[in-house]
Amino acid sequence: MGGSLPRYRLRFLLQEIDLPQGDTLLGRSGSCHVTIEDPLVSRQHARLRILGDRASIEDLGSRNGLVVNGRQIEGEQVLADGDRIRIGTQEFVLCTVPVQRRKQGLPGTRPTGFMCHCAACGLPYATDLVQCPSCGATDRMDEETLSGAEDDQQRNWTLELLVEVLEKALSLGRWDDIERVLRRARSNVEERVAANENVERQHLDALARAAAALAVQRKQAEWGRWVLRLYAVMGLIPAAEVGSSLSTLPPAERASLAPEANGVVERIRAGGGPKLEEQDAFSRVESLGSPPGEH
């Protein structure tokens, strides 16, 4: 029986991590077998279990959940070759390897490891490697500067995943998670804007909705000011619902939005004024530049 059992590996970009029989813990804690340095990952996020020829994964009560093949799972899920596992913003693939590929006594990949992100191209890889397997750079990002920078021809997949997690956290009212994800997304967006790289409007608007909701929840204008500054720099008008939400801030906080709101108004007027379909959204931002009670 033992000779016919498949071996399992967890593929992460160009790396493969051997999965031994028994349990493999995945999470942010250094005590896990696979440690993922991602603020969206719980300290002990998931358990991969290999028993004979059966592989399964179980969410360990993580804050942001576990996704297998695009669907969030609860409890234990049996896995098959090629199944895609998403933990935080990281995606892994389970692979079966015929036992003939691993001969007795030959070295293999370690069953434990840390993941980091390349400072040059933004792609994640195992910290055991001296250099990034994608671009060859040796510098690494720390958690606070993780931004998901990538080749210009690739989509901003990090921001896509952050927006997805953000929208889920918003639907559940998890405000601490929302703020944590927003801070990471802010670094991503600001770096792309500074480099004159594209930020998709749908992602920008999703961030703005979450930031406005957080500002209202906290009764503080910080995130509202950031949203307005960002739209001003990009020469865009935030959606009407964003301006409407920010208008409900306490008077003093709402008044603090005036410089940033006026910055949006001035930028749009300098560009020829709002389009017809943007009039309502423009009016709401314009009203934020006036003292409360004035329209």
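Helices and strands are DSSP runs, with at least four residues (H or I) for a helix and at least two (E) for a strand. By this assignment the chain has 8 helices and 14 strands. The model is a predicted one. Of the 295 residues of the chain, 45% count as buried. The accessible surface comes to about 14700 Å². Carbon and sulfur atoms account for 47% of that surface. Among contacts between residues at least 6 apart in sequence, 56% join residues at least 24 apart.

Helix 3 covers residues 201–218. Its 18 residues should span 26 Å at 1.5 Å a residue, and the end C-alpha atoms are 25 Å apart, which agrees. Several residues of helix 3 are buried, including His203, Leu204, Asp205, Ala206, Leu207 and Ala208. Further along, Ala210, Ala211, Ala212, Leu214 and Ala215 are also buried. Lys219 follows helix 3. The phi of Lys219 is positive, near 60°.

Attention now turns to open space in the model. Rolling a probe the size of a water molecule over the atoms shows where empty space is left. The second largest pocket has a volume of about 200 Å³. It is lined by 13 residues, of which Asn64, Val67, Arg86, Glu164 and Val165 are the closest to its centre. Strand 8 (71–72), strand 10 (84–87) and helix 1 (157–172) each give two or more residues to this lining. Helix 1 gives the most, with 4 residues. By class, the lining of the second largest pocket has 4 nonpolar, 5 polar and 4 charged residues.

Terms used
Residues are numbered from 1 along each chain as its sequence is written. This is a predicted model: local features need pLDDT of at least 70, side-chain atom pairs count only at pLDDT 80 or more; totals for chains, interfaces and linings use all residues. Side-chain values use heavy atoms; hydrogens and water are left out. Buried means under 20% relative accessible area, exposed over 50%, partly exposed in between (1.4 Å probe, protein chains only). Contact means heavy atoms within 4.5 Å. Accessible areas come from the Shrake-Rupley method with a 1.4 Å probe; for residues, only the protein chains shown count as cover. The expected span of a helix is 1.5 Å times one less than its number of residues. On a 1 Å grid over the protein atoms alone, a cavity is a set of points where a 1.4 Å probe fits but cannot get out, and a pocket is an open set with protein on both sides within 12 Å along at least five of seven lines; lining residues have an atom within 4 Å of a point. Grid points are joined across faces, edges and corners, and a volume is the space filled by probe spheres set on the points. Ala, Val, Leu, Ile, Met, Phe, Trp, Tyr, Cys and Pro count as nonpolar, Asp, Glu, Lys and Arg as charged, and the others, Gly among them, as polar.
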